[in-house]
Amino acid sequence: MADQVGYRQHALWLSPAELIGELRAAIAAKPADQPSPEPAQHLLSPIRFPVEAPQAESERPTPEAERETAT
């Protein structure tokens, strides 16, 4: 990773209020230090991807049904 840019993904079970509140609290806990050699400044850009609720086993398509809809 020569340019030091990267990302991580984590699946969390949180309400929107919990997600926003906890991120805000974590960021606000860091002091607004002046630039210095250590630590380095980082740009944090959270993007929330809502994930559909998992389907019940009886609602999941069978492999045969998935092949039929793919053709």
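This is a predicted model: local features need pLDDT of at least 70, side-chain atom pairs count only at pLDDT 80 or more; totals for chains, interfaces and linings use all residues.
Local features need pLDDT of at least 70 and side-chain atom pairs 80 or more, while totals for chains, interfaces and linings use all residues. Residues are numbered from 1 along each chain as its sequence is written, and side-chain values use heavy atoms, without hydrogens and water.

The chain has two helices and zero strands (DSSP runs of H or I, at least four residues, and of E, at least two, numbered from the N terminus). Among its 71 residues, 1% are buried (under 20% relative accessible area, with exposed over 50% and partly exposed in between; 1.4 Å probe, protein chains only).

Helix α1 spans residues 16-28 and contains I27. With a relative accessible area of 47%, I27 is partly exposed. Together with L23 and L44, I27 makes a nonpolar surface patch of about 280 Å² (residues with over 30% relative accessible area and no salt bridge, nonpolar side chains of Val, Leu, Ile, Met, Phe, Trp or Tyr being joined within 5 Å and like charges within 9 Å; a salt bridge puts a side-chain nitrogen of Lys or Arg within 4 Å of a carboxyl oxygen of Asp or Glu).

Note on methods: Accessible areas come from the Shrake-Rupley method with a 1.4 Å probe; for residues, only the protein chains shown count as cover.
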